[in-house]
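Hello,

Here is the structure we talked about. Please open it alongside the notes that follow.

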Amino acid sequence: MPEKKIRVLIAKPGLDGHDRGAKVIARALRDAGMEVIYTGLRQTPEMIASAAVQEDVNVIGLSILSGAHNTICPQIMKLLHEKGMDDVTVLVGGIIPEADIPALKQAGIAEIFLPGTSTQAIVDFIQSRTAHS
Amino acid sequence: MSDQTKTKKSAAAVGPQVNPRQPSPEEKSWQANTLAPALAKSPERQAAFTTISGHPIRRLYTEADLAGWDPKTQLAHPGEPPYTRGIHATMHRGRLWTMRQFAGFGTAEDTNERFRYLLTHGQTGLSTAFDLPTLMGYDSDHPLSEGEVGKCGVAISSLADMEVLFDRIPLCDVTTSMTINSPAPVIWAMYLAVAEKQGADWKLISGTLQNDILKEYIAQKEYIYPPEPSMRLVVDTFEFAVKHTPKFNPISISGYHIREAGSTAIQELAFTLRDGMEYVEWALRRGMQIDDFAPQLSFFFNAHSDFFEEIAKYRAARRIWQRAMVERYAAKNPRTWALRFHTQTAGCSLTAQQPFNNVVRTALQALSAVLGGTQSLHTTSLDEAWALPTEFAATIALRTQQIIAHETGVTNTVDPLGGSYFVEALTNEVEAGAWDYVHKIDAMGGMVAAIERSYPQREIAEASYRYQQALDKKEKIMVGVNDFVSAEKPLEILQIDETVAHRQADRLRKLRADRSQAAVDRTLLALRKAAGTYTKAGQPSGSSNGQLSHENLMPHIYEAVKAYATLGEICDAMRTVFGTYEETAVT
């Protein structure tokens, strides 16, 4: 029986248009055999949470480079909780000051990937995470 | 088109493909007697050597790589076409480049203080970074602005903010660059209004508006309206600038963001120059004369890490633009032919890891821009991968330029690399590669058409993915990232807190209470009417049927700004007529 593909939503919340990272990750995860849905730019927390439900994803990757992560991430986590999506793994990639990382993890973000992370490290993390759930 | 055939032929003539390398007898003898034994004894480190863009580089460049190259027409002398050696006869011996550090954060008060700090430390021009709400045409108190106010730049929602931003900075004495695109006409109108209040003569003020919407669709993605009305606004600013502000560049046609999005050097060059040609063509269709407006067009390139490839790119840029102006648009004015450009060192090349190494990267990149003949330069700060620069980091970045200018001696002579076999051959190859792209985009019907079919977007995404794969496989090395990794202490960075958003919201509330609402309503209605064709009921009949009027919107925007209509209100007025743009995302 073929293994069920891991489903990933790559989302760009906030107003910034820097989508290089989001696109590279989307493609790398697809090349690693995952089903990837890319939301496109400027998604509100509500749009991202709804898309996650609708697409029934295992993983959400948020790409944020604007500095708005402390506002956006907790909102998304709250909405996911309200929609009964507590089992989804939420990752953040982008420019995140180290001082902000503990609070983001506290809010339920599984991992934060900073600039310079190899795509393989992200693939490995997702595979190990989803293997246990 | 005859001019296209002509360009195609001359571009092909300089490419390496059509001139197979014919080594001289001496070079052949070197290959047999010196090179072969050396390789037999110790092979080279890699099978193939490429630039950071993946462009192949030979072991050795000799006169065989310049066969058919004519220094009289392809190199010439500085200040003369095709400007390969620079647009001025004396280049940096006569006048150094403008040291222009991009700055902006928090409220207008915060940025005004940083501006005045930089000016007292020897910076020679200002460059304004706006926050994301401003770049997207939203006021600081708009729901979508939450969490973003003052983070990536300064928050400017009305003329009141702009007055604070340039408080105690005489606009008649400084040159100001403003990185703003979709809302550029509005921000420019605010700047002009401040100049008027200061009593500065519009004919004498100088600076640059980025105003390059095409690269927004291609790379940076901060667009509001669809391409057609956006291009109309750009041409409106050209007309206004020619008439009222002859020393102000109404556009900075930008490759910087294209490169940051992951393009190669050749793609950066080609898409930027083809964007430039697109603006020229839209202005010509408006009825403007090439030599009236083109001298006010300026360019903006990235300085990435591959030293010689970057230098070749700047040299090729001048040559391509000169040829395009002459052959495609029959320009007669040498000021139209000469490509002037600003450079910013590559933010995307800087690492979060071991951030002090970034000072070294930036210095080398800046050196390539100087050797490539830049007119102005921003050196990126060492904390770029983390946040907006602290004052400490911003100062080192500025000092880096001063060291290049005053200590290295590279400014003592014009185009010191001119005539190098390698640099000239690479300049030819980069030029030929860029012309290939230009011809492809011509065949698609121009840049707007190419953007609509996601062509440049796809090419950039491909290149960026290839580079990431090369990093992952360690075919390319980033020191401190995929090799030479070491433990380090976290850096002190600039934090922008949410009090900025609250201060902005308070200011907007006060502004809306104090201004004349009747004047705001009147000027916004006049703007909407001028923007679209209106039915008798006063409803826009809109952009969907393509019946937009051709009235220049700048005077209307200026009136609305002076009535203290906010940025969001003015952009909304145009949104109701033009609609908004949604891209087809390419992954």
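Gln354(B) sits in the loop between strand 10 (341-345) and helix 16 (357-371) of chain B. Its phi is positive, near 40 degrees, and Gln354(B) is a residue other than glycine. Gln354(B) counts as partly exposed, because it has 17 C-beta neighbours inside 10 Å. Please keep in mind that this is a predicted model.

Asp56(A) is not a glycine either, yet has a positive phi of about 50 degrees. Asp56(A) lies in the loop between helix 2 and strand 3 of chain A. Asp56(A) is exposed, with 10 other C-beta atoms within 10 Å.

One more backbone point, back in chain B. Pro81(B) and Pro82(B) are joined by a cis peptide bond, with omega about 5 degrees. Pro82(B) falls in the loop between helix 3 (71-75) and helix 4 (91-94) of chain B.

Now the sheet in chain A. It is an open sheet of 5 strands. Their order is 2-1-3-4-5, and the pairing is parallel. Which strands stand at the edges? They are strand 2 (35-38) and strand 5 (111-113) of chain A. Each has a single partner strand, so one side of each has no neighbour in the sheet. On average, neighbouring strands of this sheet are turned by 20 degrees against each other, direction ignored.

Strand 4 (residues 89-94) of chain A pairs with strand 5 of chain A in the parallel sense, over 3 bridges. Gly93(A) stands opposite Phe113(A), which is in strand 5 of chain A.

Helix 1 (residues 20-31) of chain A lies across strand 1 (7-11), strand 2, strand 3 (59-64) and strand 4 of chain A. Helix 1 of chain A runs at about 160 degrees to strand 2 of chain A. Helix 2 (residues 45-55) of chain A lies across strand 1, strand 2 and strand 3 of chain A. Helix 2 of chain A runs at about 160 degrees to strand 1 of chain A.

Next, the contact between the chains. It takes 32 residues from chain B and 27 residues from chain A. On the chain B side, helix 6 (132-135) and helix 20 (455-472) each supply at least two residues. Which helix of chain B gives the largest share of that side? Helix 20 of chain B does, with 5 residues. By class, the side of chain B that touches chain A has 17 nonpolar, 9 polar and 6 charged residues.

At 1.5 Å a residue, its 18 residues should span 26 Å. Its end C-alpha atoms are 26 Å apart, so the two values agree. The buried residues of helix 20 of chain B include Pro456(B), Ile460(B), Ala461(B), Tyr465(B) and Tyr467(B). Glu459(B) is also among them. Lys474(B) follows helix 20 of chain B and has a positive phi, near 60 degrees.

Helix 12 (residues 265-285) of chain B can be checked in the same way. Its 21 residues should span 30 Å at 1.5 Å a residue, and its end C-alpha atoms are 30 Å apart, which agrees. Helix 12 of chain B is mostly covered, with 17 of its 21 residues buried. Just after helix 12 of chain B, Gly287(B) takes a positive phi of about 105 degrees.

On to the domains of chain B. The domain assignment gives domain 1 (96-472) and domain 2 (520-578). Their C-alpha centres lie 28 Å apart. The contact takes 27 residues from domain 1 of chain B and 18 residues from domain 2 of chain B. On the domain 1 side, helix 7 (159-165), helix 8 (184-198) and helix 10 (227-244) of chain B give two or more residues. Helix 10 of chain B gives the most, with 7 residues. That side divides into 17 nonpolar, 6 polar and 4 charged residues.

Last, Ser158(B). Ser158(B) is found in the loop between helix 6 and helix 7 of chain B. Is Ser158(B) buried or exposed? Ser158(B) counts as buried, because it has 24 C-beta neighbours inside 10 Å. Leaving out residues up to four places away in sequence, Ser158(B) touches Leu511(B), Tyr564(B), Thr566(B) and Leu567(B). Ala324(B) is 166 residues from Ser158(B) in sequence and 39 Å away in space, C-alpha to C-alpha.

Best wishes

Definitions and conventions: Residues are numbered from 1 along each chain as its sequence is written. Chains are lettered from A and ligands numbered from 1 in the order in which they are written. This is a predicted model: local features need pLDDT of at least 70, side-chain atom pairs count only at pLDDT 80 or more; totals for chains, interfaces and linings use all residues. Two residues are in contact if their C-beta atoms, placed from the backbone, lie within 7 Å. Helices (H or I, at least four residues) and strands (E, at least two) are DSSP runs, numbered from the N terminus. Ala, Val, Leu, Ile, Met, Phe, Trp, Tyr, Cys and Pro count as nonpolar, Asp, Glu, Lys and Arg as charged, and the others, Gly among them, as polar. The expected span of a helix is 1.5 Å times one less than its number of residues. A residue is buried if 20 or more other C-beta atoms lie within 10 Å of its own, exposed if 12 or fewer, and partly exposed in between; C-beta atoms are placed from the backbone. Domain bounds come from an automatic or database domain assignment. Two strands pair if DSSP finds at least two bridges between them. Axes are lines fitted to C-alpha atoms, for helices over the stretch in contact, and angles run from 0 to 180 degrees between N-to-C directions.
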